[in-house]
Amino acid sequence: MQRLVGLVFSFGSVVIISRLLTPAEVGVFSVAAGLVALINMLRDFGVSEFVVQEPTLDEALVRTVFTINLMIAWVLGGIIVAASGVIGTFYGDPGVTRVLKVLGFVFFLLPFGTTAMALLNRELEYGKLAKIRICESIIRSCTAVALAYAGFTYMSIAWASVAGISALIIGCTLWGWQYRVKGLSFMHWKRVLHFGSNRTISDVASQLGEQSASLVIGKMLGMTDAGLFSRGYGVVNMYRTNVLGAIGAVAFPAFAREHREHATAPDLFLKALVYTTGISWPFFSCSVILAYPVINILFGEQWDAAIPLMRWLCFAALIGTLMFQCNRFLVALGRVRAVTCVELQYQTVRVGITIGAAFYGVAAVAASQVLVSIIATVLYYRKMRIYEALAVRKCAKALVPSVVVTLGACAVPAAVVLWPGLAARHVLLAFELAVVGGGAGWLLGLVVARHPLLDELKRVVSHISSRYRLLRG
């Protein structure tokens with residue numbers, strides 16, 4: 001529910017802001033945000049994951065985590081602010097400098113919420129986490145829209161980040177008071193640094209690869225192409241953040257606990273993979289088919305050049321679903337070095353492929369991400385083949401129902417798009433027909449394939465029905 005509310009507000013704000021800002025203005029923020037996201041991996045230093053996967057925690061260890069995170073965040077925040085002018089000059093746009101100064105300030109606030117959120121995740125306090133994140137999403141989105149309407153252009157999104165993290169800190173104070181840090185300490189700094197150094201290398205490599213497309217496009221092709229790529233990636237990004245992100249938030253502590261208590265985490269991973277592909281494959285496949293009406297309806301005709309980019313990026317995300325949880329699964333089992341090795345290999349290749357593709361245009365960069373996803377999937381599953389439950393033949397057999405469900409979901413959307421002139425003349429009607437037909441096809445596919453998700457849906461319906469009867473009574 002927290003992710004659903006977040007999706008509604010973030011999605012709504014993106015739709016509105018896309019009509020208030022130009023592609024070049026969105027590109028300015030995308031480039032600055034990409035740089036900050038890369039530096040943010042250094043700031044976190046893996047402390048959140050350390051808290052979740054650590055077998056035993058005491059007060060001194062929690063204080064040490066907070067202290068190290070505070071020091072790193074403040075140093076990096078100062079560096080971002082100090083270097084913002086040089087970076088803006090490098091990209092030839094003063095807007096990048098202005099955005100970086102505001103986002104650098106966020107680093108001074110982040111440590112006061114990071115440790116508390118990690119402890120809430122460790123204890124599976126999803127009710128409290130939902131309250132905090134929902135408030136953050138609402139305040140962030142409303143601030144961005146209000147400031148964009150008031151004429152703050154790309155700075156509206158930057159100041160919205162400050163408002164969002166402020167709301168998160170207040171939420172942690174209100175609903176996570178018992179998880180507050182009660183002082184500073186360096187007692188266990190060696191343990192934290194050992195885990196954090198390995199995790200940081202992996203995270204930095206991951207973010208460098210993740211943001212490489214925006215950074216390379218912004219430098220080599222210009223801010224307009226960077227903005228178009230951002231919107232082409234927008235649907236993928238929102239889905240990954242609000243749907244796959246919700247799954248990951250639950251899966252990581254679940255893998256860690258399953259490994260600690262029963263040593264059957266690989267079986268749980270396979271189950272999660274089947275569930276995830278049963279949702280993600282139909283979504284991304286339909287997004288490839290419906291790219292034109294999605295871009296046209298949500299963002300307007302000025303973003304039509306992002307349509308082919310969206311198709312390529314959704315196809316890449318469809319393949320990437322296979323390895324989405326591999327990183328955190330291996331970390332939950334304590335195999336941090338294996339993750340670092342894979343991330344360094346595949347992200348190095350990713351940056352190289354992206355730079356090479358940029359010489360042929362922004363569409364080539366988007367298309368190249370398909371190859372990147374294939375390489376990443378192969379590298380991760382080579383590390384996971386030591387687990388009998390995750391043998392290739394077993395994974396392939398388990399994913400057959402998801403393939404059937406995906407074909408069922410795509411049937412009607414494909415027919416709507418292929419119907420001569422329907423999408424061009426009646427784009428909204430065509431989109432509505434495709435969504436309804438795709439949903440019906442997805443449900444039919446679940447029944448025909450006897451997908452495990454069908455049992456989950458039955459449990460959800462039963463739960464809602466019982467709650468409704470209880471309220472009526």
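**Exercise 1. A residue and its helix**

In which helix is V65 found?

*Solution.* V65 is found in helix α4, residues 59-91. Helices are DSSP runs of H or I with at least four residues, strands are runs of E with at least two, and both are numbered from the N terminus. The model is predicted, so local features need pLDDT of at least 70 and side-chain atom pairs count only at pLDDT 80 or more, while totals for chains, interfaces and linings use all residues. Residues are numbered from 1 along each chain as its sequence is written, and side-chain values use heavy atoms, with hydrogens and water left out.

Next, take the cover. V65 is buried because its relative accessible area is 1%. Buried means under 20% relative accessible area, exposed means over 50%, and partly exposed lies in between (1.4 Å probe, protein chains only).

Last, take a distance. V65 and P111 are 46 residues apart along the chain. Their C-alpha atoms are separated by 9.9 Å.

**Exercise 2. A second pair**

Find the place of K101, then its distance to G151.

*Solution.* K101 sits in helix α5, residues 94-109. Its relative accessible area is 45%, so K101 is partly exposed. Along the chain, K101 and G151 are 50 residues apart. Between their C-alpha atoms there are 19 Å.

**Exercise 3. A covered helix**

How many residues of helix α10 are buried?

*Solution.* Helix α10 spans residues 223-232. Eight of its 10 residues are buried, so the helix is mostly covered. Name them: M223, A226, G227, L228, F229, S230, R231 and G232.

**Exercise 4. The second largest pocket**

Describe the second largest pocket by its volume and its lining.

*Solution.* Start with the method. Rolling a probe the size of a water molecule over the atoms shows where empty space is left. On a 1 Å grid over the protein atoms alone, a pocket is an open set of points with protein on both sides within 12 Å along at least five of seven lines; in a cavity, by contrast, a 1.4 Å probe fits but cannot get out. Lining residues have an atom within 4 Å of a point. Points are joined across faces, edges and corners, and the volume is the space filled by probe spheres set on them.

Now the values. The second largest pocket holds about 230 Å³ of space. Its lining has 14 residues, and F112, A116, T173, R180 and V181 lie nearest the centre. Two or more lining residues come from each of α6 (111-122) and α8 (155-175). With four residues, α6 gives the most.

Sort the lining by type. Nine residues are nonpolar, four are polar and one is charged. Here Ala, Val, Leu, Ile, Met, Phe, Trp, Tyr, Cys and Pro count as nonpolar, Asp, Glu, Lys and Arg as charged, and the others, Gly among them, as polar.

**Exercise 5. Positive phi**

Locate T153 and R450, and give the phi of each.

*Solution.* Most residues other than glycine have a negative phi, and most peptide bonds are trans. T153 has a phi near 45°. T153 lies in the loop between α7 (126-149) and α8. At 24% relative accessibility, T153 is partly exposed.

R450 is not a glycine either, and its positive phi is about 55°. The loop between α21 (427-449) and α22 (452-472) holds R450. R450 is exposed, with a relative accessible area of 74%.

**Exercise 6. Salt bridges**

How many salt bridges does the rule give?

*Solution.* The rule asks for a side-chain nitrogen of Lys or Arg within 4 Å of a carboxyl oxygen of Asp or Glu. The count is five.

Take E388. It bridges to R393, with the closest N and O atoms 3.3 Å apart. E388 also meets K394 at 3.4 Å, N to O. E388 is partly exposed at 49%, R393 is exposed at 59%, and K394 is partly exposed at 35%.

Take R459. Its bridge to E456 has closest N and O atoms 2.6 Å apart.

A network of salt bridges links R133, E136 and R140.
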